[in-house]
Amino acid sequence: MRQTHLFTKTRREAPKDEVSKNAQLLIRAGFVHKEMAGVYSYLQLGKRVLEKIEAIVRDEMDKIGGQEIRMATLHPSEPWKQTGAWDNVDVVFKIQSRTEKEYTVGQSEEEIVTPIAKEYISSYKDLPLVVYQIGQKYRDELRAKSGIMRGREFTMKDMYSFHDTQEDFDRFYALAKDAYLRVYDRIGLVAKATEASGGSFTKKLSYEFMVLTDAGEDDILYCDTCSYCVNVEVAESKENETCTRCNSGTLSRAKASEVGNIFDLGQKYTKDFDLTYQDANGEKKYPIMGCFGIGITRLMGVAVEKFADDKGLVWPESIAPFRVHLVELSSDNEEVKKEAAELYRELTEAGIEVLWDDRDARAGEKFADSDLFGIPLRIVVSEKTLAAGKFECVERASGHTSHKSISELIGHLTT
RNA sequence: CGGGGUGUCGUAUAUCGGUAGUACGCUUGCUUUGGGAGCAAGAUGGCCCAGUUCGAUUCUGGGCACCCCGACCA
């Protein structure tokens, strides 16, 4: 994409009322636009990042047997009243129509998915069933904060599973946990599977996936030796104590951001909606349900918080809006322009996503913007590189600079 | 929801009870061109509603919005 065609511009300063690093940088770089407290629009660059994250999540969920669907976001109030959430969950938005009919907007979708599943599940042969969606969620938070990391509207992947036995649930739960860890790993984040409370409808523990960052809202204890990690809200141990799992490591306390969670919902919802199946003996039973969430927009925020530096955003390659930022310093030099156009064409034909800074602007401004965008590889085309016969390549994250010919570049980027 | 703070061109800021200024951005022209250029000419602003006052962006009250701390958070 040509940068002269790119919708949005960078700005030198962040709005003074944005304090969080993610909001400041994403707004300065033109990735997002704030609509109101806790609600952001995602512009071209931001949307590209979200789509990259979604693609990774989709891939991993499909691999463990998830089927993607898209549920309504405007919900009737009845199922929410049926489960008690209408009166007991205070983050549920309540909307009234002009005829005084009541609705809500989805903040989680058990109330929608369970009645849907009820229409199609009648036999143990229909189980297990795993469906998921990626979509907008709405929560009536009293206080939105931390930029895109805790909003009233956000994007979440929510997956729901239905099982005939606890064993089958446990089997899938373990699969899902591994899939989750792969998602974070592919984004370059280290997430700890953290024991936490199961929420208001179950006494069982759940796993929250926590990325260590001071921008997070949760406090966790983690072992420096094994993988044990626990949310302090349910922890029975304390900081500096010996880990109770491996009996050798020491527990440390840290701030973390929750980027996913997986719950055993038991039969809460299948009973609420009287969803039953017949087992092999013809007996009616309630399936066991699981709920598995990943915060897509929050993951984007956490990636900003973890990787950005004093010059701007830094995206891991797997979720970067573009792979290459092609910066031409043409100074009205037609040869340079031609060379940049040719390189753009070749890279694009090789399947590499390129943002081409074809603006008539000075080098300083172009480099500053390039740093701010955080695209992994910058390739400079100028009179200098033309004379040298090789392009200047700078890795955004490391600052490592090299000089490559077109064929070397394409070889490097396509292997 | 409790407490605190802030509302001035698109953004960041200054000043002032009496013509609202600066920087960046934007428009036009010329020059410049490897780390946010220079000159010249432009366009764009007082959150809303009351009150006080000859006169309010400024003072007072109310509202709204946003931010921070806390509480809350399937």
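I began with two charged residues, Lys137 and Asp158, and found both of them buried. They belong together: Lys137 forms a salt bridge with Asp158, and the closest N and O atoms are 3.2 Å apart. I then checked where they sit. Lys137 is in strand β7 and Asp158 is in strand β8, 21 residues apart, so the pair links distant parts of the chain. I note here that I am working with a predicted model.

**Whole chain**

I stepped back to look at chain A. I counted twelve helices and 21 strands. The C-alpha trace spans about 80 × 60 × 45 Å along its principal axes. Of the 415 residues, 53% are buried. I also looked up contacts between residues at least 6 apart in sequence, and 67% of these join residues at least 24 apart. The accessible surface comes to about 19,800 Å². Carbon and sulfur atoms account for 47% of that surface.

**Salt bridges**

How many salt bridges does a search of the whole structure find? I got 31. I picked out Glu60 and Arg182, whose side chains meet at 2.8 Å, N to O. This pair also links distant parts of the chain. Glu60 is in helix α2 (residues 44–63), Arg182 is in helix α6 (residues 166–187), and 122 residues separate them.

Is Glu60 buried or exposed? It is buried, because its relative accessible area is 2% and the cut-off for buried is under 20%. Arg182 has 35% relative accessibility, so I wrote it down as partly exposed. Asp59, Glu60, Lys63, Arg182 and Arg186 are linked in a network of salt bridges.

My next pair was Arg359 and Asp369. Their side chains meet in a salt bridge at 3.1 Å, N to O. Arg359 is in the loop between β18 (354–357) and α10, while Asp369 is in helix α10, ten residues apart. Both residues are buried.

**Charges and a patch**

Chain A has 57 positive and 70 negative charges, and their mean positions are 2 Å apart. Which residues form a negative surface patch? I found Asp332, Glu334, Glu335 and Asp360. Asp332 lies in the loop between β17 (324–329) and α9 (334–349). I recorded Asp332 as exposed because its relative accessibility is 60%, and exposed means over 50%.

**Helix α1**

Which residues of α1 are buried? My list reads Asn22, Ala23, Leu25, Leu26 and Ile27. I checked what covers them. The cover includes strands β1 (32–36) and β2 (39–42), along with helices α8 (296–307) and α10 (363–373). Helix α10 is also where I found Asp369. After α1 comes Gly30, with a positive phi near 75°.

**Backbone angles**

I then looked for positive phi in residues other than glycine. Thr8 has a phi of about 100° and is not a glycine. It is in the segment before α1 (21–28). Ser146 is another non-glycine with positive phi, near 55°. I located Ser146 in the loop between β7 and β8 (153–163). Those strands hold Lys137 and Asp158, the pair from my opening entry.

My last entry is a cis peptide bond. Where is it? It joins Leu127 and Pro128, with omega about 0°. I found Pro128 in the loop between α5 (110–120) and β7 (129–138).

Conventions:
Residues numbered from 1 in each chain as written. Chains lettered and ligands numbered in written order. Heavy atoms only, no water. Helix = DSSP H or I, 4+ residues; strand = E, 2+ residues; numbered from the N terminus. Buried < 20%, exposed > 50% of the residue type's maximum accessible area, 1.4 Å probe, protein only. Contact = heavy atoms within 4.5 Å. Areas by Shrake-Rupley, 256 points an atom, 1.4 Å probe, with all protein chains shown as cover. Lys, Arg positive; Asp, Glu negative; His and termini not counted. Charge placed at Lys NZ, Arg CZ, Asp CG, Glu CD. Patch = residues over 30% accessible without salt bridge, like charges linked within 9 Å, V, L, I, M, F, W, Y side chains within 5 Å. Salt bridge = Lys/Arg side-chain N within 4 Å of Asp/Glu carboxyl O.
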